[in-house]
Each structure stands twice: as C-alpha cells, then as structure tokens.
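Me: I'd like to go through this one and check the labels against their cut-offs. Can you take my questions in turn?

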Amino acid sequence: MTTALATDIVVEDTDSAGTVAWAFTVNATIALAKTLVAVATGSAAMMAEALHSYADIATEVFLGIGVLHGRRRNRARYFWALCASIYMFAAGGLYAAWEGVDSILSPEAAKGAAWTALLVLAVSAALESTSLRKGFGDLASTRNGVPWLTYWRTTTNTTAKTVVAEDGADILGCVLAAVGVVLRLLTGSTVWEGLAAILVAVVMLGVAYELGSANLRLLTASA
C-alpha cells in the first residue's frame, strides 16, 4: 500500500515495525556477545564490531520512533532515519576508527582465546542474515518489478532500506573482523585487528553517508 503526499512523493507502507523490532532484537543479542569477547580477548576488531552493533541498536530506536511518528506525519520517518544515519556516522564509525588507530599506535599483547571471537563473529553473521532477509522482504513487497538498483536509489521505504544497509554492513564487518583475528593468530600481532577495525569504520562511514544523503533528499524534496 502506498500513500501519496501533496508533493507527489509516495510513501511506501510496509511491515516496517516488525522489521525494526527483529533487527533490534538481533543486534541487542550480538552486541552483548561481541562486547564480552572483546573485553576477554583484547581484540580491537571485536570492539569495533561491538561498537557497530551498539550503533545499530540506536539506529533501530531512531527508526522505531520514525515508524510511530510517521503514522501521523509522513515526512517524520525521513527525519528520524536521517538522525539514525548521523548517529551511525558519529558514534559508530568515528569511534570504531579511533579504536583501530589506537590499537595500531599502542599495541597490546593479545589475551584470551581468539577462536571464541571467530565463533561469535560467525554466529553474529548468521543472525544478521535473518534480519537482512526480513529487510529485503520488506523492500521487495513494494518494488513492483522495478530493477533493484533503481529501486534502491529511489525508494521511499527508508526504514527497510536502512535495516538492509546496516545488516549488510554488519555481515561485511564480521568478515573483516574475522580476517583481522585470523591474521593475529598467524602473526601474533594485534596490529592486524587494528587495521580490521579501521576497515569496519570505513564501511560504517560509507553506509552512514549513503543513507544520510538519501534521507536528506527525501526530507527536502517533501518539504
């Protein structure tokens, strides 16, 4: 179902609340696991991934507010999605970058079982994939045969788009963190995990910029 605005912007109405709720549950679960492992192992890559998940939790809170507020004011969902993007950029991406740089400049001896970190990352990626599939299903319900790339650039279903983007970034972040952990195991150097943390930050900053730009366009176009 779609709702037309006075400016001919079409708001796509889907099961956004369910998508956001599931994404929140997934990220809250894995954020705790990543944090415990990051503290136990001293892994900068795991800490960056934990920060990534906490940023996603905040993102889901913003999106949930947007869903509720958007029922009264159509443009509100764009504003709250924009807030989520800004938070992801500042609190998630920039802090993860700092964590990586600090780990490289002030390396510490690795501690704990790195294999535990790999297990948590694998489970996290699997859980994120369930949220990713739900988000894709939400987007697909309003695609109406439009090519995916075109639809991604033009969709007003900003809530589901944000969930898909952040979950895709999460899975990629898990892969990058896992590579950092494996290289630490092979070399004994925690510098690799610092580099992985920086790459995770780059992914977060890129996704935040893309989503922020898209939501700002929607917000100003419907003003």
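This is a predicted model: local features need pLDDT of at least 70, side-chain atom pairs count only at pLDDT 80 or more; totals for chains, interfaces and linings use all residues.

Me: What makes phenylalanine 136 and tryptophan 148 an edge-to-face pair?

Reply: Two values. The ring centres of phenylalanine 136 and tryptophan 148 are 5.6 Å apart, and ring pairs need centres within 6.5 Å.

Me: Why is the pair of phenylalanine 62 and tyrosine 87 called tilted?

Reply: The centres are 6.1 Å apart, within the 6.5 Å limit for a pair. The angle between the planes is 55 degrees; stacked needs under 30 and edge-to-face needs over 60, so tilted is what remains. Phenylalanine 62 lies in helix H2 (residues 44-70) and tyrosine 87 in helix H3 (residues 76-105), so the pair ties together parts 25 residues apart in sequence. Ring pairs also link Phe62 and Tyr87 with Phe79 and Trp80 into a cluster. As for cover, tyrosine 87 has a relative accessible area of 34%, which makes this residue partly exposed.

Me: On to charges. How do you know that glutamate 49 and lysine 34 form a salt bridge?

Reply: Their side chains meet at 2.8 Å, N to O, and a salt bridge needs the nitrogen within 4 Å of the carboxyl oxygen, so the pair qualifies. Glutamate 49 lies in helix H2 and lysine 34 in helix H1 (residues 16-41), so the bridge ties together parts 15 residues apart in sequence. Both glutamate 49 and lysine 34 are buried.

Me: What makes glutamate 210 and lysine 161 a salt bridge?

Reply: The closest N and O atoms of glutamate 210 and lysine 161 are 3.5 Å apart, within the 4 Å cut-off, so the pair counts. Here glutamate 210 sits in helix H7 (residues 191-221) and lysine 161 in helix H6, 49 residues apart. Their accessibilities fall in separate classes: glutamate 210 is partly exposed at 32%, while lysine 161 is buried at 3%. A search of the whole structure finds 3 salt bridges, including one between glutamate 193 and arginine 184, with the closest N and O atoms 3.3 Å apart. Both glutamate 193 and arginine 184 are buried.

Me: Why is glutamate 166 called buried?

Reply: Its relative accessibility is 0%, and buried means under 20%, so glutamate 166 is buried. Glutamate 166 lies in helix H6 (residues 158-187). Leaving aside neighbours within four places in sequence, glutamate 166 is in contact with Ala23, Asn27, His52, Asp56, Thr59, Glu60 and Met88. Methionine 88 is 78 residues away in sequence, with 9.3 Å between the C-alpha atoms.

Me: What makes isoleucine 65 partly exposed?

Reply: A relative accessible area of 33%, which lies between 20% and 50%, so partly exposed it is. Isoleucine 65 lies in helix H2. Together with Phe24 and Val61, Ile65 forms a nonpolar surface patch with about 220 Å² of accessible area.

Me: How do you know that the length of H1 agrees with what a helix should span?

Reply: At 1.5 Å a residue, the 26 residues of H1 should span 38 Å, and the end C-alpha atoms are 37 Å apart, so the two agree. Just after H1, glycine 42 takes a positive phi of about 70 degrees.

Me: And which elements does the chain have as a whole?

Reply: The chain has 7 helices and 2 strands, running β-β-α-α-α-α-α-α-α from the N terminus. Buried residues make up 48% of the 223 residues.

Technical notes:
Residues are numbered from 1 along each chain as its sequence is written. Side-chain values use heavy atoms; hydrogens and water are left out. Rings of Phe, Tyr and Trp (its six-membered ring) pair if their centres lie within 6.5 Å; planes under 30 degrees apart count as stacked, over 60 as edge-to-face and the rest as tilted. Helices (H or I, at least four residues) and strands (E, at least two) are DSSP runs, numbered from the N terminus. Buried means under 20% relative accessible area, exposed over 50%, partly exposed in between (1.4 Å probe, protein chains only). Patches are made of residues with over 30% relative accessible area and no salt bridge: like charges are joined within 9 Å, nonpolar side chains (Val, Leu, Ile, Met, Phe, Trp, Tyr) within 5 Å. Accessible areas come from the Shrake-Rupley method with a 1.4 Å probe; for residues, only the protein chains shown count as cover. Contact means heavy atoms within 4.5 Å. The expected span of a helix is 1.5 Å times one less than its number of residues.
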